[in-house]
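Here are my notes for you on this one. Have a look at the sequence and the fold before you read on.

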Amino acid sequence: MRIKFVVPKWSSHSVWNRLYFRFPFLSTAMLTALTPEGHEISVVDENMRPLSFDDSPDLVALTVLTPLAPRAYHIADEYRRRGVKVVMGGFHPTWLPDEALAHADAVVVGEAEKVWAQVVADAEAGALREIYKSETRPDAAEIAVPDRKPWADNKYFFTNLVQTTRGCPFDCKFCSVTAFYGGTYR
């Protein structure tokens with residue numbers, strides 16, 4: 001199966017769009033590492049190169065931050081119009097899965113470690129469910145080592161990103177980390 005991971009571009013009005021030193025999304029490298037062997041993987045970060053809809057992946061996967069949701073929905077709608085299955089995950093679809101499902105065939109709610117292989121298997125069988133959600137959070141030993149190979153074609157300033165913890169014991173009102181990853185460090 002051909003799986004295409006897409007990182008939507010930042011709006012031209014965003015400060016993140018104006019940064020000279022770009023860096024990749026670690027979540028995409030985590031998902032490519034979790035993808036079972038035997039699948040053809042490609043990664044397109046629109047912040048580094050243009051996205052072409054002229055290919056024919058079997059599955060498109062988008063990790064969506066809230067400011068990227070409008071662009072992600074446009075991408076998802078275009079691929080679905082072409083008959084390609086789309087799965088979304090990340091902070092925004094986790095908080096608003098029904099909204100994301102208006103644009104995707106499936107949504108991963110929360111962390112993907114325990115469900116991604118099932119998403120891929122279901123997509124391959126033509127049996128995607130609408131919602132995938134792990135009953136428990138992965139412990140540190142279950143968190144994959146990121147696969148940085150798909151980043152090789154891009155001209156990122158650096159690719160040696162590391163996630164040292166997940167979760168946070170502080171429940172700041174402005175922050176979604178505790179709600180997404182839990183109230184303790186892992």
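The points below go from the whole chain down to single residues.

1. First, a word on the ground rules. This is a predicted model, where local features need pLDDT of at least 70, side-chain atom pairs count only at pLDDT 80 or more, and totals for chains, interfaces and linings use all residues. Residues are numbered from 1 along each chain as its sequence is written, and side-chain values use heavy atoms, with hydrogens and water left out.

2. Start with the layout. You'll find 6 helices and 6 strands in the chain, and along the sequence they come as β-α-β-β-α-β-α-α-β-α-β-α. Both kinds of element are DSSP runs numbered from the N terminus: helices are H or I with at least four residues, strands are E with at least two.

3. How does the overall size compare with a compact globule? The radius of gyration is 16 Å, which agrees with the value near 16 Å for a compact globule of 186 residues. That radius is taken over C-alpha atoms, and the globule rule is 2.2 Å times the number of residues to the power 0.38.

4. Now for what's hidden. Of the 186 residues, 48% are buried; buried means under 20% relative accessible area, exposed over 50%, and partly exposed in between, using a 1.4 Å probe and protein chains only.

5. The largest nonpolar core has 21 residues. Such a core is a set of buried Ala, Val, Leu, Ile, Met, Phe, Trp, Tyr and Cys residues joined through side-chain atoms within 4.5 Å. Leu51, Val60, Leu62, Ile75, Tyr79, Val86 and Met88 touch the most other members. The largest share, 6 residues, comes from α2.

6. Beyond its neighbours within four places in sequence, Leu51 is in contact (heavy atoms within 4.5 Å) with residues including Val6, Val44, Ile75 and Tyr79.

7. Next, a strand pair. β3 and β4 run parallel and are joined by 5 bridges; strands pair if DSSP finds at least two bridges between them. Leu62 stands opposite Met88 in β4. Since 4 of the 5 residues of β4 are buried, β4 is largely enclosed by the rest of the structure.

8. Is Asn47 buried or exposed? Asn47 sits in the loop between β2 (40-45) and β3, yet Asn47 counts as buried because its relative accessibility is 15%. A polar atom of the Asn47 side chain lies 3.3 Å from the backbone oxygen of Pro8.

Terms used. A polar contact is a pair of N or O atoms within 3.5 Å; within protein, one must be able to donate a hydrogen and the other to accept it, and residues adjacent in sequence count only if both atoms are side-chain atoms.
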